[in-house]
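Colleague: I would like to go through this model and hear what stands behind each label. Please set the values against the definitions.

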Amino acid sequence: QARVGNPCERASNGEAMKWVALFLLPVSVTAVVLQSVSESVSDEVKAAQARSDRFYTEISVAQESELKEVEQLEASSASPSDLLPALAMLRSVYSDGKERIGKLNKQEEDSKKEFQSKEHAHDQKLGDIRKKFDAKKISEQFYQTEVKDENRIWKYWTQVRAHQHRQFLAALRVQHGTMKKVSHMIDLYEKTLAAKGIKG
């Protein structure tokens, strides 16, 4: 049976894999965060970061699997009978990618809302400390200590949020890159099938 060349040009996935690796790196934030913060706050920070890490690790595993699948398809030569199943697979990958982008956007939105809640609590805490000081219920030294401790805790939350946002951007970049590649492949497969009089 005559075989036809793969209608898709091979492209490197090195850049995309670099971004996958970026958000698989161990998180150092919480190690620094928790040395001098109260135990309850440290547990809360750890939990927030752990939730984010679990989510993005699952995303990255799925993305890496898809990239390898697409790469294998690019490397293969396809007979006419292979083109339709390959096209169906590519369409499935593209559909999964759109769904994954929705999940990424929701995760980022949830993370932003949690951070905004923490920011509100932080501002309120600073306001309460100031009111106590203005009412002369606490000394200036105690006031300065309380403000310093609260700002230190808040700094840790900002570090966690910054890391979450980097994870989001890395995952989104990988996903958009994969979908762009897959969309191009779908177009080429459809044109190849059409040229052979096969309806895709």
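Modeller: The expected span of a helix is 1.5 Å times one less than its number of residues. Helices (H or I, at least four residues) are DSSP runs, numbered from the N terminus. This is a predicted model, in which local features need pLDDT of at least 70 and side-chain atom pairs count only at pLDDT 80 or more, while totals for chains, interfaces and linings use all residues. Residues are numbered from 1 along each chain as its sequence is written, and side-chain values use heavy atoms, with hydrogens and water left out.

Colleague: How do you know that the reach of α5 is close to the expected one?

Modeller: Helix α5 has 56 residues and reaches 82 Å from its first C-alpha to its last, against 82 Å expected at 1.5 Å a residue. Just after α5, G197 takes a positive phi of about 75°.

Colleague: Why does V41 count as buried?

Modeller: Buried means under 20% relative accessible area, with a 1.4 Å probe and protein chains only. V41 has 17% relative accessibility, so V41 counts as buried. V41 lies in helix α3 (residues 39–75).

Colleague: What makes the largest nonpolar core a core?

Modeller: A nonpolar core is a set of buried Ala, Val, Leu, Ile, Met, Phe, Trp, Tyr and Cys residues joined through side-chain atoms within 4.5 Å. The largest has twelve residues, including V70, L90, M185 and Y189. Helices α3, α4 and α5 (140–195) each supply at least two residues of this core. A second, separate core has nine residues, among them F55, I59, L104 and A171.

Colleague: What is called a cavity here, and how many are of 30 Å³ or more?

Modeller: On a 1 Å grid over the protein atoms alone, a cavity is a set of points where a 1.4 Å probe fits but cannot get out; lining residues have an atom within 4 Å of a point. Grid points are joined across faces, edges and corners, and a volume is the space filled by probe spheres set on the points. The structure holds one cavity of 30 Å³ or more. The largest cavity has about 50 Å³ of space, and its lining includes A48, F115, W157 and R161.

Technical notes:
Buried < 20%, exposed > 50% of the residue type's maximum accessible area, 1.4 Å probe, protein only. 1 Å grid on protein atoms, 1.4 Å probe; cavity = no way out; pocket = protein on both sides within 12 Å on 5 of 7 lines; lining within 4 Å.
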